Amino acid sequence: MADIVFAFDPAIDRPVAIPETAPAAVVAAVGKAAADSFAEAVSVAQLAKAAVFVVCGRWLDPRRASPAQAAAVRRAILDLAAAGCRTVFLASDVATCQDLARMLGEPQGLFFATPLAPLALQVRGMAVDFVASPEAGHVPAIVDDAPAHGVRRRIVVGWETSLPVVSAADGPWPGDHDTAAAFVSAAAASPAWTQPASFWIWASRRRPALPSGIHHLPPLQPRSSTEPTEGACCTLTLLDRSGDGDEPAAFDWRSRWRDVPTQRIAWRTVRVESAAGGDEELATVLWTAIEQVAPSEQAPLELVRCVVQCGTSVARRVRVGEIAAETLARLRELFDPKRFRAWPVDLIADPVESLAPLGHARSGGRPGTTTSFTSALADIVDAIEHDPAASLGPATARQAAWVALELVEST
């Protein structure tokens with residue numbers, strides 16, 4: 001049982017990119033991943049007999065959504081309403097609410113909340129305020145007001161509107177450009193932060209190290225390998241129904257925040273040490289690693305990125321690039337959607353391996369030689385890694401350096 005189910009960034013009109021040369025089983029699963037993950041969240045709300053289904057982030061864009069997609073969302077809202085569950089969409093402005101309402105035909109059971117217009121609902125007889133606080137970090141003044149008489153809950157939901165384009169390793173939290181920092185700062189500055197009736201949620205495709213008191217809401221479906229969080233909706237229970245009395249009793253509701261998996265596609269990186277020989281030997285090593293942790297038939301389809309660790313051998317990195325296409329072809333021949341739901345999408349030499357062993361301190365590079373250039377480049381990367389103010393992330397710096405060395409090696 002749960003009282004409220006939260007869903008972030010369904011983005012139904014933005015399907016997950018389908019890998020090239022993928023078989024029909026992979027194409028079908030990837031193409032439906034966004035819609036299926038949303039349908040799974042709706043199913044969670046129905047099975048939990050939730051009173052409210054909350055959606056934030058991207059949902060349907062009137063400029064790109066198809067009539068079939070709008071019809072499916074409308075049907076989900078009506079089905080929830082028939083089961084006694086209201087749908088609340090948290091938006092950044094009124095125009096977004098109006099556009100969505102027109103596109104869906106104003107279905108019964110759909111409600112809206114914006115930063116300037118929070119929504120108050122009765123949930124199992126308890127007054128609950130839903131407050132929208134998108135990426136800008138502005139927390140509406142309503143959260144600073146003293147709660148009205150009686151039992152009341154105030155749920156403040158913030159979410160990011162941008163998508164991660166690099167690995168999380170390049171964007172640790174807190175940081176000057178991390179959108180979570182603005183929300184956390186605004187929450188900490190609010191007098192309502194310490195009020196026991198307030199519940200704070202940050203929805204993000206990253207997983208920042210949020211302070212105690214702010215709960216992370218992941219997306220329903222990750223969109224790429226740059227997202228380190230698994231897709232899920234989250235449930236919150238406000239009232240205890242385990243007692244024998246007719247009326248539910250208040251309890252430690254803050255501890256009843258739960259993740260429920262919804263993703264239909266998962267990304268995984270398999271790392272192996274470079275094997276001597278050609279594509280057949282490398283394919284054997286990689287398939288063994290994939291097979292050891294291959295998902296079952298009921299698990300989400302995994303799109304696997306194969307990463308080969310080459311140590312400090314630039315020549316081997318170049319060789320891996322030369323045989324990558326043949327090795328991937330061999331791996332894909334072994335794909336079986338009924339036994340191993342894992343599809344290799346990429347094969348590269350590890351772009352974030354450390355260059356430290358190539359630096360002057362360890363390599364003994366001599367001026368005027370290729371080794372001197374290699375050592376100098378390794379020293380630059382090492383300096384970036386140890387400079388908190390560097391504009392270039394450590395992972396990006398390593399990748400750029402390896403590309404430069406591979407170009408030198410192959411010319």
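Trainee: Why are the side chains of glutamate 227 and arginine 205 called a salt bridge?

Mentor: The term asks for a side-chain nitrogen of Lys or Arg within 4 Å of a carboxyl oxygen of Asp or Glu. Here the N to O distance is 2.7 Å, so the pair qualifies. Glutamate 227 lies in the loop between strand E9 (214-217) and strand E10 (232-236), arginine 205 in the loop between strand E8 (198-203) and E9, so the pair ties together parts 22 residues apart in sequence. Strands (E, at least two residues) and helices (H or I, at least four) are DSSP runs, numbered from the N terminus.

This is a predicted model, in which local features need pLDDT of at least 70 and side-chain atom pairs count only at pLDDT 80 or more, while totals for chains, interfaces and linings use all residues. Residues are numbered from 1 along each chain as its sequence is written, and side-chain values use heavy atoms, leaving out hydrogens and water.

Trainee: How many salt bridges does the rule give?

Mentor: The count comes to 18. One of them joins aspartate 129 and arginine 152, at 2.7 Å from N to O. Aspartate 129 is in strand E6 (residues 126-132) and arginine 152 in strand E7 (residues 152-159), 23 residues apart.

Trainee: How do you know whether aspartate 129 is buried or exposed?

Mentor: Buried means under 20% relative accessible area, exposed over 50%, and partly exposed in between, with a 1.4 Å probe and protein chains only. Aspartate 129 has 3%, so the residue is buried.

Trainee: What makes aspartate 346 and arginine 305 a salt bridge?

Mentor: Their closest N and O atoms are 3.9 Å apart, which is within the 4 Å limit. Aspartate 346 is in strand E16 (residues 342-349) and arginine 305 in strand E15 (residues 301-309), 41 residues apart. Aspartate 346 has a relative accessible area of 29%, so this residue is partly exposed. Arginine 305, at 28%, also counts as partly exposed.

Trainee: What makes a set of residues a nonpolar core?

Mentor: Its members are buried Ala, Val, Leu, Ile, Met, Phe, Trp, Tyr and Cys residues joined through side-chain atoms within 4.5 Å. The largest such core has 30 residues, and among those touching the most other members are Phe6, Phe130 and Ile155. Strand E6 gives the largest share, four residues. A second, separate core of 28 residues includes Val55, Ala65, Ala76 and Phe89.
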